[in-house]
Amino acid sequence: MKRIVSGIKPTGELTLGNYLGAMKRWAEMENENIESFYFIANLHAITVRQDPFQLRKRTFDIVAWLITCGVNPEKSLIFIQSMIPAHTEICWVLTNYVTIGELGKMTQFKDKVSKSSREGQVAGLFEYPVLMAGDVLLYDADEVPVGDDQMQHLELTRNIAARFNNLYGQTFKEPKGTVSKITARIMSLKNPESKMSKSETEDSYIALEDKPEDIIKKFKRAVTDSENQIRFDSESKPAISNLLNIYSAFSEKSIDEIVSDYKNEGYGKFKTDLGELVASKLDILQKRFKEIREDEEFLLKTIKRGNSGASEIADKKVSEVYEKIGLVYHRF
Ligand code: TYM
């Protein structure tokens with residue numbers, strides 16, 4: 001049976017990028033031949049200062065959002081990273097099987113530090129990909145469904161696994177990162193050269209909890225180009241191509257069908273229709289979210305089930321690793 005593992009950080013609002021690039025896909029991948037593990041990466045969240053109350057609240061919000069998006073809590077294991085000590089334990093071990101040079105090459109780290117000085121950054125930001133490697137290697141994942149921005153981290157994960165296996169014999173499965181064809185990289189509505197992200201200006205991203213009128217407004221104000229012709233060309237028309245991808249993901253229509261539907265229309269009509277489509281779909285999700293979020297008992301039951309399933313596997317992996325490198329394993 002194929003095993004899938006992936007995580008999401010409880011920082012700020014969830015965006016359309018998180019939904020299309022990850023959460024919606026996770027729900028669609030569930031089937032009887034797949035074992036799936038989805039977790040709230042709250043240990044990753046603290047590499048940036050968080051308000052403690054908000055961090056805890058958002059952790060539970062995301063559990064509810066995953067179920068809202070269609071992840072079945074009886075089929076997949078949904079768990080909270082900080083509740084499984086094995087994640088922190090494996091991270092420290094793996095830190096010693098990766099070089100400073102490798103971590104310094106990570107694009108996400110370089111992007112973050114280019115905004116301010118390298119010396120002033122917390123070390124956790126640098127270490128981040130090692131924690132992420134541990135998250136995946138603990139579970140012998142076959143596949144890790146993510147957005148394009150995480151692929152480099154998964155390549156590093158494979159390298160760390162191969163290095164460890166070489167030294168100590170087969171211990172970790174080398175996982176494959178996968179992205180969806182059309183939603184691998186949902187771009188900003190204001191700058192189609194950069195990915196849609198909650199850390200950019202508010203009008204550049206759609207939050208899953210945005211009000212319908214704001215969603216429609218944001219799409220209306222999305223940047224386009226001067227051609228006024230709707231066609232897909234990510235090189236010369238990145239803004240329109242991004243909107244076409246979003247349209248396709250929400251309507252389940254192919255890009256060709258949408259292009260043909262709008263062949264005699266201008267950008268104005270296309271953007272209004274897209275805004276209304278997304279607003280109406282998110283409105284349904286928001287109502288479902290509210291119901292699920294209010295059922296604390298159900299959420300706690302879900303997390304308990306997820307944590308216990310995950311820790312059983314993760315603890316075994318840590319004990320195997322400790323044994324191989326000569327560390328005494330404290331849970332025996
Ligand atoms: P995070 O929390 O930033 O994002 C969660 C998932 O959403 C995807 N995503 C996007 N996909 C397409 N277009 C976008 N604009 C967009 N924005 C976000 C991300 O690629 C991701 O799949 N480091 C991870 C969390 C993590 C993890 C892991 C993932 C921790 N450990 C182990 C996989 C496996 C992160 O920061 O994702």
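Start with the ligand, and select strand E1 (2–8), helix H1 (16–29) and helix H7 (123–137) along with it: each of these gives at least two residues to the shell around the ligand. Keep in mind as you go that this is a predicted model.

**Stop 1: the shell.** Show the residues around the ligand. There are 25 of them, and Lys9, Tyr128, Asp135, Asp149 and Ile186 come nearest.

Stop 2: Now zoom in on Asp149. An N or O atom in its side chain is 2.5 Å from an oxygen atom of the ligand. Next, pick Met196, where a polar backbone atom is 3.0 Å from a nitrogen atom of the ligand. Then move over to Gly17: here a backbone N or O atom lies 3.3 Å from a ligand nitrogen. How much of the ligand does the protein bury? Taken alone, the ligand exposes 710 Å², and the protein buries 98% of that.

**Stop 3: the largest pocket.** Hide the ligand for a moment. The space it takes is the largest pocket, with a volume of about 1400 Å³. Select the lining, which is made of 49 residues; Lys9, Gln108, Asp149, Gln150 and Lys195 are the ones nearest the pocket's centre. Which elements give two or more residues to this lining? They are E1, H1, helix H2 (42–45), helix H6 (107–114), H7 and strand E4 (143–145). Colour this lining by class as well, and you'll find 17 nonpolar, 21 polar and 11 charged residues.

Two residues deserve a second click. Lys9 and Asp149 are among the residues that come nearest the ligand, and both are also among those nearest the centre of the largest pocket.

**Stop 4: the cavity.** The structure holds one cavity of 30 Å³ or more, and the largest cavity has a volume of about 70 Å³. To find it, select Gln108, Phe109, Lys112, Leu125, Tyr128, Pro129 and His153, which line it. H6 and H7 each supply at least two residues of that lining. By class, the lining has four nonpolar, two polar and one charged residues.

Methods
Residues are numbered from 1 along each chain as its sequence is written. This is a predicted model: local features need pLDDT of at least 70, side-chain atom pairs count only at pLDDT 80 or more; totals for chains, interfaces and linings use all residues. Side-chain values use heavy atoms; hydrogens and water are left out. A residue is near a molecule or strand if one of its heavy atoms lies within 4 Å of it. A polar contact is a pair of N or O atoms within 3.5 Å; within protein, one must be able to donate a hydrogen and the other to accept it, and residues adjacent in sequence count only if both atoms are side-chain atoms. Accessible areas come from the Shrake-Rupley method with a 1.4 Å probe; for residues, only the protein chains shown count as cover. On a 1 Å grid over the protein atoms alone, a cavity is a set of points where a 1.4 Å probe fits but cannot get out, and a pocket is an open set with protein on both sides within 12 Å along at least five of seven lines; lining residues have an atom within 4 Å of a point. A molecule sits in a cavity or pocket if more than half of its atoms lie within 2 Å of its grid points. Helices (H or I, at least four residues) and strands (E, at least two) are DSSP runs, numbered from the N terminus. Grid points are joined across faces, edges and corners, and a volume is the space filled by probe spheres set on the points. Ala, Val, Leu, Ile, Met, Phe, Trp, Tyr, Cys and Pro count as nonpolar, Asp, Glu, Lys and Arg as charged, and the others, Gly among them, as polar.
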